[in-house]
Amino acid sequence: MTRLSLLCALAAATFGSVAHAADFDLQTTPSRPAADFTGVGLGVDAGVGLGAAGSVNASGAVGGAHVGYNFQANRLVGGAEADFLTSGIKSGSLGAASFQQNFLSSVRVKAGWAFGDLLAYGTVGWAYSTSKLTDPSGSSNKSIKGAAYGAGAEFALTRNAFLRVEYLRYDFGAQTYVTPMDARAISTTTNLLRAGASVHF
């Protein structure tokens with residue numbers, strides 16, 4: 001066998017081995033398919049509420065859980081969600097009184113667009129909160145109701161694990177709080193910024 005023939009044989013053997021290895025790798029390590037946002041989601045949330053109680057600012061930390069269901073058709077995603085949050089939102093001074101929200105909740109519909117593993121969505125629905133006005137003579141507790149709306153983004157870490165960030169605004173109508181020494185109507189708004197994690201089934 002000539003030297004040229006030997007080199008050609010070695011080159012053919014080498015390239016054949018590389019091609020076989022590449023083919024084996026492609027067959028055994030397929031890429032992960034794009035996320036499917038369809039299914040039931042359960043998760044936890046934490047964030048901060050910034051808003052107003054009457055004419056003064058109100059703020060505080062919030063945390064809780066959410067449950068929902070999404071369905072996906074091509075890249076369009078729709079669904080519904082409910083959340084339940086404990087709240088440390090308190091107002092500044094209302095004269096001799098102070099105002100706080102102890103619980104926040106909402107039930108909303110969602111619609112969005114999937115960009116591979118990222119979902120961007122808008123949401124709107126019904127909001128509920130428990131609130132309390134306190135002054136030196138006592139306190140007045142009220143349940144307040146209103147509208148909730150906002151937008152968010154959700155990212156699929158795996159087929160079942162998701163992270164998200166969300167902005168929600170709660171608009172509550174005026175409620176009259178009555179204590180032995182005072183009676184006043186207070187309208188409440190809350191802007192909620194939160195992050196969350198969930199698992200989907």
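Guide: Let's look at the salt bridges around one arginine and its partners. This is a predicted model, where local features need pLDDT of at least 70 and side-chain atom pairs count only at pLDDT 80 or more, while totals for chains, interfaces and linings use all residues. Residues are numbered from 1 along each chain as its sequence is written, and side-chain values use heavy atoms, leaving out hydrogens and water.

A salt bridge here is a side-chain nitrogen of Lys or Arg within 4 Å of a carboxyl oxygen of Asp or Glu, and that rule gives 12 salt bridges. Start with Arg194, which pairs with Glu166, their closest N and O atoms sitting 2.6 Å apart. This one joins distant parts of the chain: Arg194 belongs to strand β8 and Glu166 to strand β7 (residues 161-179), 28 residues apart. Strands, by the way, are DSSP runs of E with at least two residues, numbered from the N terminus.

Arg194 also meets Glu81 in a salt bridge, at 3.9 Å from N to O. Again distant parts of the chain are linked, with Glu81 in strand β3 (residues 76-91) and Arg194 in strand β8 (residues 182-200), 113 residues apart.

Now back to Glu166: it has a salt bridge with Arg164 too, the closest N and O atoms being 3.8 Å apart.

Are these side chains buried or exposed? Buried means under 20% relative accessible area, worked out with a 1.4 Å probe on protein chains only. Arg194 is buried at 5%, Glu81 is buried at 6%, and Glu166 is buried at 4%. Arg164 is buried as well.

How values were computed:
Helix = DSSP H or I, 4+ residues; strand = E, 2+ residues; numbered from the N terminus. Buried < 20%, exposed > 50% of the residue type's maximum accessible area, 1.4 Å probe, protein only.
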